[in-house]
Amino acid sequence: MILQITGFIGLIHICVSTSVPREEEFNTEGLHLGQVSHENFRQNLTLKKLQRQSRQIEYCVNLLQTYYQQSQTGYAQGFPRSMVPSQDGQPKLRRIGVQGAPIRTGQRKPGVEHGPGLIRSSGIVEFLVNEGHNVLDYGDVYLGQHFNGERAYVRNPAAVAEATRYIYYSTKRILQDNRFPLTFGGDHSMAIATLSAVSEFYPDLAVIYIDAHADINTVQTTPTGNLHGMPLSFVIRELSGANAALTDFSWVIPRIPAANLAHIGLRDVNVGEIETLNRLGMASFNMRDVDRLGIRGVVDVVLNRIGGRTRPVYISFDIDSLDDLEVGHTTGTPVPGGLTVRDALSMLDELYRTVNLVGFELAEVNPSLGSQAEGERTATISGKILACAFGSCRGHGPIKPGKFDPRKLGKDHT
Ligand SMILES: [Mn+2]
């Protein structure tokens, strides 16, 4: 009891002494962004100050709630690298940092900025708390004040560069708080930010990119000029300089070796992208591979190819990897012939048991394009996919990690 009271007072002290400078630090970095004039900034300072104060209060309340959850579940603070060691019969309990990335300027269709809201409406955040995880919701990231409509080589370069830079700082902050970044999108250009931050924090990072599209177009190969089809060309080391013409993105440092990244679910890839994938010899698995090997076979080969059993693994999940019959019109670029929900759950179930997962994002959920019923179904699907990635899969409640032995898998099928 005395310990708890001491901990409580200590926590309030931490709230007052550390959260405020952290917030200042974050905003100071943000203030250097973009070409917004000094006048504009002065006008917005009061509003920003108010927003900042309310966020600080929210942050403290969240911390207190988290402390209460911990005192209930018996898990102490301060485990390194987002993960609590698994215990017999218990799921791997994690320290999770949730953020919404309501970016929409990476493509043309309005509504994807409401994706984080739709995903949250599934109740996933509360679910993860009830499962015993230590969850802190950082809210939706502020994306800056650039307008839509600029076109230089690609669509809205300044707006996307500013927004992704804010998402980059926010993701970095979650990592520095020793939390597992869980990001709700937003169009997939947000991966420029999340992959930059996570690969900076984990230099040995492997990435599994689940998508109908390869998202690896460069300034030279993009047929549409939409930046949501280009994020990987900014973060893959071998493609350094490919987008040098886009000077707004000079802050992005490509750190991920092509050999550490795999695609799953491809079925709409353009000629320029195929050339890039082949030239870099990337582990890209399309729907034909899923048909031939089965989803678990694909996961097995992917993990062998990218060293996923020994490296920290980040998953970027585009909802359009799922079949259009599953998600209806709740995504901007639905493609027929994709993964079933069952494939997705089976895949994440397997990955949860096999790899050291250090971050997850769900992109391209757009509630404005589909019907009410399609929106509700996509919310349900999103919640199930996310729950599965955290070890609570398909009605079995929390599943026991560690029972699966990767050595018993067959050899590489390719
Ligand atoms: Mn995508």
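Asn156 is not a glycine, yet its phi is positive, near 55°. It sits in the loop between β4 (154-155) and α5. Helices here are DSSP runs of H or I with at least four residues, strands are runs of E with at least two, and both are numbered from the N terminus.

The model is predicted: local features need pLDDT of at least 70, side-chain atom pairs count only at pLDDT 80 or more, and totals for chains, interfaces and linings use all residues. Residues are numbered from 1 along each chain as its sequence is written.

Next, select helix α5, residues 157-176. Its end C-alpha atoms are 28 Å apart, which agrees with the 28 Å that its 20 residues should span at 1.5 Å a residue (the expected span is 1.5 Å times one less than the number of residues). Of the 20 residues in α5, 18 are buried, so the helix is mostly covered. Move on to Asn178, which follows α5 and has a positive phi, near 60°.

Then go to Gly185 and Gly186, which are joined by a cis peptide bond with omega about 15°. Gly186 belongs to the loop between β5 (180-185) and α6 (191-201).

Select Asp215 after that, in the loop between β6 (206-210) and α7 (231-235). This residue, again other than glycine, has a positive phi, near 50°. Asp215 is buried, with 24 other C-beta atoms within 10 Å.

Finally, show helix α9 (residues 287-306) together with helix α11 (residues 341-354): their axes come within 10 Å and cross at roughly 20°. Axes are lines fitted to C-alpha atoms, for helices over the stretch in contact, and angles run from 0 to 180 degrees between N-to-C directions. α9 and α11 are therefore roughly parallel to each other (under 35 degrees; over 145 is roughly antiparallel, 65 to 115 roughly perpendicular and the rest oblique). To colour the contact (C-beta atoms, placed from the backbone, within 7 Å), pick Val290, Ile295, Arg296, Val299 and Leu303 of α9, and Asp343, Ser346, Met347, Glu350, Leu351 and Thr354 of α11. By class, this contact has six nonpolar, two polar and three charged residues, where Ala, Val, Leu, Ile, Met, Phe, Trp, Tyr, Cys and Pro count as nonpolar, Asp, Glu, Lys and Arg as charged, and the others, Gly among them, as polar.

Definitions and conventions. A residue is buried if 20 or more other C-beta atoms lie within 10 Å of its own, exposed if 12 or fewer, and partly exposed in between; C-beta atoms are placed from the backbone. Two residues are in contact if their C-beta atoms, placed from the backbone, lie within 7 Å.
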